[in-house]
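Please look over the structure below.

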Amino acid sequence: MAAEEIRVCGTVQGVGFRPTVYRLAKACGLRGDVCNDGQGVLIRVSGSEEAITEFVARLQTECPPLARINQLTRIIYKGEFKFDNFVISTSVSNAIKTEIAPDAATCPQCQQEIFDPFSRFYRYPFTNCTNCGPRLSIIRAIPYDRCNTSMSAFAICSECAKEYHNIENRRFHAQPVACHACGPSAWLERGDGKSVTASMFSMLDDVDAVCTLLQKGEIVAIKGLGGIHLACDATQETAVQKLRQRKKRYHKPFALMARDIEVIEQYCSVNAKEKELLTSSAAPIVLLQPTGKKVAPSIASGQKTLGFMLPYTPLHHLILRRMNRPIVLTSGNLADEPQCIDNDKAREKLGTIADYFLFHNREIINRVDDSVVRVIGDKAQIIRRARGYAPAPISLPLGFDNVAQILAMGSELKNTFCLLREGEAILSQHLGDLENAAAFNAYEETLNLYLNLFEHKPEVIAIDKHPEYLSSKLGKELADTNQIKIHQIQHHHAHIAACMAENGIPLNSPPVLGIALDGLGYGDDSTLWGGEFLLADYRKFQRIATFKPVAMIGGEQAIYQPWRNTYAQLITTNIWDDYQQEYADLEIFKFLKKKPLKLLNQLIEKEINSPLASSVGRLFDAVAAAIGIYRDECSYEGQAAIAMEAIVDVSSLNNHKETLIYPFSFGFSDSIYCIDPRPMWQALLNDLQQQIPQPVMAAKFHKGLANAIVQMVKHLSQENLISHVALTGGVFQNCILLEQVTKGLQTLGIKVLTHSLVPANDGGLSLGQAVIAAAQLIHEC
């Protein structure tokens with residue numbers, strides 16, 4: 001008889017892995033035990049060599065749906081073997097090397113039970129099993145056992161205990177298992193504090209009453225899995241506008257939830273890939289093309305997509321059972337504050353927004369926002385990585401296997417941080433914009449939680465080079481306090497490295513050409529970059545081309561007042577006086593002449609709060625404002641650019657006539673190649689004078705910009721060996737630009753790298769920071 005110790009690493013806790021091991025070991029006639037510990041799952045087995053080999057093979061092919069095996073090692077067991085049968089042993093606490101599974105959407109079996117009157121889980125809002133339910137949102141420590149989660153507050157009843165200990169049951173060792181008798185409960189409150197009962201609405205229970213309230217046009221705050229949401233009927237414009245005014249979210253699109261795919265298909269087209277994402281265990285918000293029925297006009301004004309998700313907890317399934325139309329389900333917060341997760345805090349913060357509250361008494365340990373995904377071609381592009389995806393690790397390319405532990409602090413906006421260890425990167429969930437004090441406090445709390453959960457002790461901290469980023473300042477404080485080495489990483493190099501890493505480019509590969517287009521990032525020359533062509537590997541980069549730098553008049557004001565970028569672009573052409581005479585009758589010139597142009601010119605000339613920036617994001621704003629889209633003011637960054645993408649005329653986009661493309665020129669700026677939009681402005685102003693429709697001009701700009709990028713790559717490839725081009729940065733979330741550039745580069749025979757695992761925007765920046773710091777550290781050694 002042989003005896004082996006089998007170590008399994010990966011996502012193997014809280015996903016039904018030990019029950020699967022138990023079942024397979026019994027089926028193969030093996031003796032021994034299995035337990036959770038800090039490294040994953042440890043298995044000790046005794047039996048014939050053939051039986052053990054069969055067991056290991058079946059373990060990998062019959063892995064539970066939510067599990068992922070990263071590594072399986074087998075060694076001969078030399079200790080005393082005292083097992084007469086196969087058992088599940090008590091978890092062991094030791095060094096943390098295992099993974100935490102993301103929260104998972106309700107599985108089909110649990111869905112069936114909550115609607116089955118003969119099931120003891122009938123209408124129970126917290127039904128779950130090993131294949132679904134809360135994970136990251138409720139965990140305090142590893143290993144993933146009930147005592148280390150917020151479910152520790154609920155003593156398991158005898159019926160649930162029977163299922164928990166029954167190997168044949170789907171809930172065998174499911175840590176959050178609960179029912180009406182022993183688990184969390186939900187209740188309804190009025191926003192004004194007065195008492196309310198379900199009998200007032202003649203409904204089944206408080207959860208069912210929420211549906212009636214929504215149908216009546218009320219706003220309900222709903223405590224869900226990773227936070228509290230605000231909900232209303234998405235087809236009632238009055239309710240949607242009321243929510244916007246109370247929440248002070250005047251323009252950003254609202255996310256929608258619908259009972260099932262059939263309801264979504266009444267409002268949007270859904271292809272096979274989009275359906276796969278919607279029904280996956282991650283259950284993200286998926287951006288879809290509207291068709292058919294209309295939702296309230298102010299749901300997503302200025303957008304060409306609607307963000308839909310399906311119910312991902314029993315609570316949501318029960319609320320929407322009788323709802324034949326979509327609801328708004330947006331984060332429960334004010335403006336840009338973090339989503340509320342605590343009942344008392346929600347009463348305080350949301351009391352003036354919500355008419356009613358649906359609370360429950362299961363504590364949310366980790367705030368987890370909804371993930372957002374878009375399908376471009378047949379590839380999913382993650383825009384916000386949170387619930388359902390985080391903190392599942394990302395396997396790093398060849399060469400990063402034995403690197404030291406590294407902490408990367410991420411960016412200022414759309415922040416995530418990253419823990420790098422033993423060949424994998426653990427990205428936090430989306431944490432928001434750190435310029436908001438509450439968001440920064442939440443960032444610090446989540447960072448401390450992750451460092452403790454994973455017992456991560458960084459030897460290096462990686463930060464963005466921008467001196468004013470709060471994440472960078474905190475990183476410096478941590479490095480000074482703990483005497484840890486710090487690596488300052490250039491913003492766009494990090495974008496490119498993140499794209500390389502998720503596409504599996506090995507550590508010692510030759511440089512790729514990275515094209516990083518975004519709002520702005522701190523450049524190595526202390527100016528603001530945002531339209532960069534970098535020849536880069538993981539350790540270093542060379543800036544070989546850029547877009548012509550233009551002043552951001554008023555600094556941050558230029559992000560929210562697009563006309564400032566239009567004026568800066570026009571004044572930079574050096575023929576402003578000629579333009580004024582030739583195009584004096586245009587609305588944009590009439591608009592600009594009402595502004596304090598002398599003062600603006602002084603700000604530019606004296607370089608007062610008007611830094612130069614090669615930002616393509618600001619170029620989009622400038623063009624949008626010129627043709628009359630959000631000219632005066634935006635409520636969030638990129639609003640004008642998104643609205644311009646939404647109106648692009650498809651027939652013009654697909655027409656290959658030279659007259660349907662705006663020209664750009666090429667020159668030099670500070671001894672590197674430069675794309676100059678001056679010819680584009682002349683052509684655009686002529687179109688305005690000829691009253692060419694906005695959608696046609698928007699198409700011509702997108703095509704012209706894509707063509708300029710492709711032509712620049714073609715020129716650079718004549719001087720540099722370029723086989724791969726990485727497209728990254730928030731601007732490449734524009735699907736028209738991404739598709740146009742990708743097609744153009746592919747015709748040149750160049751392999752194009754794009755994002756799918758992490759966002760192209762700053763949400764993926766921490767991954768890039770981490771791998772660059774790792775590569776530099778390896779090189780130093």
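What follows covers selected helices, single residues and backbone angles.

## Basis

This is a predicted model, in which local features need pLDDT of at least 70, side-chain atom pairs count only at pLDDT 80 or more, and totals for chains, interfaces and linings use all residues. Residues are numbered from 1 along each chain as its sequence is written, and side-chain values use heavy atoms, with hydrogens and water left out.

Helices (H or I, at least four residues) and strands (E, at least two) are DSSP runs, numbered from the N terminus.

## Helix pairs

Two packed helices are described by the angle between their axes and the distance between the axes. Axes are lines fitted to C-alpha atoms, for helices over the stretch in contact, and angles run from 0 to 180 degrees between N-to-C directions. Angles under 35 degrees count as roughly parallel, over 145 as roughly antiparallel, 65 to 115 as roughly perpendicular and the rest as oblique.

Helix α13 (residues 491-502) crosses helix α25 (residues 765-780) at roughly 90°, and their axes come within 7 Å. The two are therefore roughly perpendicular to each other. On the α13 side, H491, H493, A494, H495, A497, A498 and A501 make the contact (heavy atoms within 4.5 Å).

Helix α19 (residues 616-626) packs on helix α23 (residues 694-717) at about 155°, with axes 11 Å apart. The pair is therefore roughly antiparallel. V616, L619, F620 and V623 of α19 meet F701, H702 and L705 of α23. That contact has six nonpolar, one polar and no charged residues.

## An enclosed helix

Eight of the 10 residues of helix α15 (residues 563-572) are buried (under 20% relative accessible area; exposed is over 50%, partly exposed in between; 1.4 Å probe, protein chains only). Helix α15 is therefore largely enclosed by the rest of the structure. The buried residues are W563, R564, N565, T566, Y567, A568, Q569 and L570. Just after α15, N574 takes a positive phi of about 70°.

## Two threonines

T446 sits in helix α11 (residues 437-453). T446 is buried, at 11% relative accessibility. A polar atom of its side chain lies 2.8 Å from the backbone oxygen of A442. Leaving aside neighbours within four places in sequence, T446 is in contact with F417, Q429 and L431.

T106 lies in the loop between β5 (86-88) and α3 (108-114). T106 is also buried, with a relative accessible area of 8%. Not counting residues up to four places away in sequence, T106 touches Q111, C132, Y312, T313, P314 and H317.

## Backbone exceptions

Most residues other than glycine have a negative phi, and most peptide bonds are trans. The peptide bond from A390 to P391 is cis, with omega near 5°. P391 lies in the loop between β16 (379-384) and β17 (394-395).

R123 has a positive phi, near 60°. R123 is in the loop between α3 and α4 (158-165), and is buried at 7% relative accessible area. E455 also has a positive phi, near 45°. E455 lies in the loop between α11 and β21 (460-464), and is partly exposed at 41% relative accessibility.

Note on methods: Nonpolar A, V, L, I, M, F, W, Y, C, P; charged D, E, K, R; others polar. Polar contact = N/O pair within 3.5 Å; in protein donor to acceptor, adjacent residues only side chain to side chain.
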